[in-house]
Amino acid sequence: MKTTVHTIITTIMITLLLVSTASAGFLSAVRSSGWETKETKKYKINVMNYDCRVYEWIPADNPNVRCVFVAGNENATGVSCYQVSKEKQK
């Protein structure tokens, strides 16, 4: 009897954990469903044996600027924006 109760409680806890994790992504998708998608360049780089994802984009309000977002596997992230000369825009 004790094992059955323990199994039921464990199953409920795992189910609640999975449902809460899945719904977080779903709610985020619903909230941003009407947002415009900005064209980006994306690629991966290897930094000291850590894979990092890099995203580059041009801000809508300033075509003379480029922005870069870097996300790593160990929660290291960073954003940087910089001016681009008119020659490099071509």
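A pocket, in this report, is an open set of grid points with protein on both sides within 12 Å along at least five of seven lines. Keep that in mind as we look around this predicted model.

**The overall picture**

The protein chain holds 1 helix and 4 strands, and reading along the sequence gives the pattern α-β-β-β-β. Of the 90 residues in the chain, 11% are buried. The accessible surface comes to about 7900 Å², and carbon and sulfur atoms account for 61% of that area. Among contacts between residues at least 6 apart in sequence, 4% join residues at least 24 apart.

**Following strand β3**

Is strand β3 mostly covered or mostly uncovered? Strand β3 spans residues 65–72 and is mostly covered, with 6 of its 8 residues buried. It pairs with β2 and is also joined to β4. The table sets out these two pairings.

| Pair | Residues of the partner strand | Direction | Bridges |
|---|---|---|---|
| β2 and β3 | β2: residues 50–57 | antiparallel | 6 bridges |
| β3 and β4 | β4: residues 77–83 | antiparallel | 7 bridges |

You can pick out individual partners too: V54 has V70 in β3 as its bridge partner, while V65 stands opposite Q83 in β4.

**The largest pocket**

Now back to our opening term. The largest pocket contains about 250 Å³ of space. Which residues line the largest pocket? They are K38, E39, T40, K41, E56, W57, I58, R66, Y82 and V84. By type, the lining divides into 5 charged, 4 nonpolar and 1 polar.

Key
Residues are numbered from 1 along each chain as its sequence is written. This is a predicted model: local features need pLDDT of at least 70, side-chain atom pairs count only at pLDDT 80 or more; totals for chains, interfaces and linings use all residues. Side-chain values use heavy atoms; hydrogens and water are left out. Helices (H or I, at least four residues) and strands (E, at least two) are DSSP runs, numbered from the N terminus. Buried means under 20% relative accessible area, exposed over 50%, partly exposed in between (1.4 Å probe, protein chains only). Contact means heavy atoms within 4.5 Å. Accessible areas come from the Shrake-Rupley method with a 1.4 Å probe; for residues, only the protein chains shown count as cover. On a 1 Å grid over the protein atoms alone, a cavity is a set of points where a 1.4 Å probe fits but cannot get out, and a pocket is an open set with protein on both sides within 12 Å along at least five of seven lines; lining residues have an atom within 4 Å of a point. Grid points are joined across faces, edges and corners, and a volume is the space filled by probe spheres set on the points. Ala, Val, Leu, Ile, Met, Phe, Trp, Tyr, Cys and Pro count as nonpolar, Asp, Glu, Lys and Arg as charged, and the others, Gly among them, as polar. Two strands pair if DSSP finds at least two bridges between them.
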